[in-house]
Amino acid sequence: MGKRSKLLAVLIAGVLCATSLVGCGSKGDDEKASSNKKQTLTVWSHLTTNEVKEFETVAKAWGDANNFEVNVVEDKGKFQEMIQAAQSDNGPDLILGAPHDNLGTFQKAGITDEVPSGLVTADKYTSQGIVDSVTIGGKQYAVPLAQETSTLFYNKDKVKEVPKTMEELATKAKEVGFEYDVKNFYMSYAFLSAGGGYVYKNDNGTLKPDDIGLGNAGAKAGYEFIKKLVVDDKLMAADITGDIAKADFTSGKSAFYISGPWDVAASKEAGVNFGVVPMPTLGGKAPETFLGVQVAFVNANSKNKDAAWKLMEELVSKSSEIVYKAGNRIPVLKDAKVDDEYTKAFMEQAKVATPMPNIPEVQAMWEPAANNLKLLTAGQIDVDTCATNIVNQVKEGIAQLK
């Protein structure tokens, strides 16, 4: 081989070797870059803007520590739109702040992943009702974040000692006034529950929509008490609304008022010297007000469910302070630090509150109850008719959902 041929062979070999080395190096660099590339988690929140910002800070910090890009979005859309998005390939991995009474609809749509064992246990929360709120068919499908219920407000300038019973309160109210949104089933349910009324029977964590307790003896006793307040004692007008009742309380016209934590700020701003206490007994029993729980759940269609649950644990561990201070909500965890008297009173009432049904059949109860409470308080139907109508109409509503 001549010198020129030898030189050419050496050059070709060098090029091949270099190409081989570059190829090997490129593959290794690609694998390293791929391993360092951040994965993405998307969180949709139905909480307030202030809460979203706080949860976003926690989520971003977790993401930085775990090589994830976490996007937190304030979702103000309708729940049906959220369901459709969660069923798609580009839906959220985690949802924050959904009301628990919609959980059954979400679970039926197949977007709620079952909660890992041990994450939601009764010993962590202020009541068993909070755990029940996220339980469907004996399984848990969400993690509680905050709670709310209704209870009794009173004017301290007009009432020096709060009556221990609703019967005594009704008598006292003839002098100082008592109003609330009486046709609102969320508010009036407490009087039905005190005697043993219920919406759907809870059978060890499974609600039975074929067992309706809105027409039993306890429920009828509650309807009778409501009728007495409006029709017999005329403590409030038949056409009373929530806005009128609130205005009369904040102006000092009435001394007793039933509402939730959302009306604390308005009462403060009005300059009312008021207090909040657990509901007085009715018929010797504690009225079980409705309990609402804001929950979080992992999308069952998420491609990163394991990571989403780890992020969930981090968000929940920081949730009490966020929902309390940024959202003015009532925390659900026993170890939450609460320092104001109003929140403490709501927490006490919430211990005996009943979660609103979390199954799709919850939709069937609101309209029949409201319509017949309206007729009852207008004196157009009696207690027995009211009870019978509600039960029959709830059954009809359930049938239409099938």
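Trainee: In which sense do β1 and strand β2 (residues 68-74) pair?

Mentor: Happy to start there: this is a predicted model, where local features need pLDDT of at least 70, side-chain atom pairs count only at pLDDT 80 or more, and totals for chains, interfaces and linings use all residues. Residues are numbered from 1 along each chain as its sequence is written, and side-chain values use heavy atoms, leaving out hydrogens and water. Strands are DSSP runs of E with at least two residues, helices runs of H or I with at least four, numbered from the N terminus, and two strands pair if DSSP finds at least two bridges between them. Over seven bridges, β1 and β2 pair in the parallel sense.

Trainee: Does Thr42 count as buried or exposed?

Mentor: Thr42 sits in strand β1. Buried means under 20% relative accessible area, exposed over 50%, and partly exposed in between (1.4 Å probe, protein chains only). Because its relative accessibility is 19%, Thr42 counts as buried.

Trainee: Which residues does Thr42 touch, not counting residues up to four places away in sequence?

Mentor: Contact here means heavy atoms within 4.5 Å. By that rule, Thr42 touches Asn71, Pro92, Asp93 and Leu94.

Trainee: How is α2 oriented relative to α12?

Mentor: Axes are lines fitted to C-alpha atoms, for helices over the stretch in contact, with angles from 0 to 180 degrees between N-to-C directions. The axes of α2 (residues 49-65) and α12 (residues 319-326) come within 9 Å and cross at roughly 155°. Angles under 35 degrees count as roughly parallel, over 145 as roughly antiparallel, 65 to 115 as roughly perpendicular and the rest as oblique. Therefore α2 is roughly antiparallel to α12.
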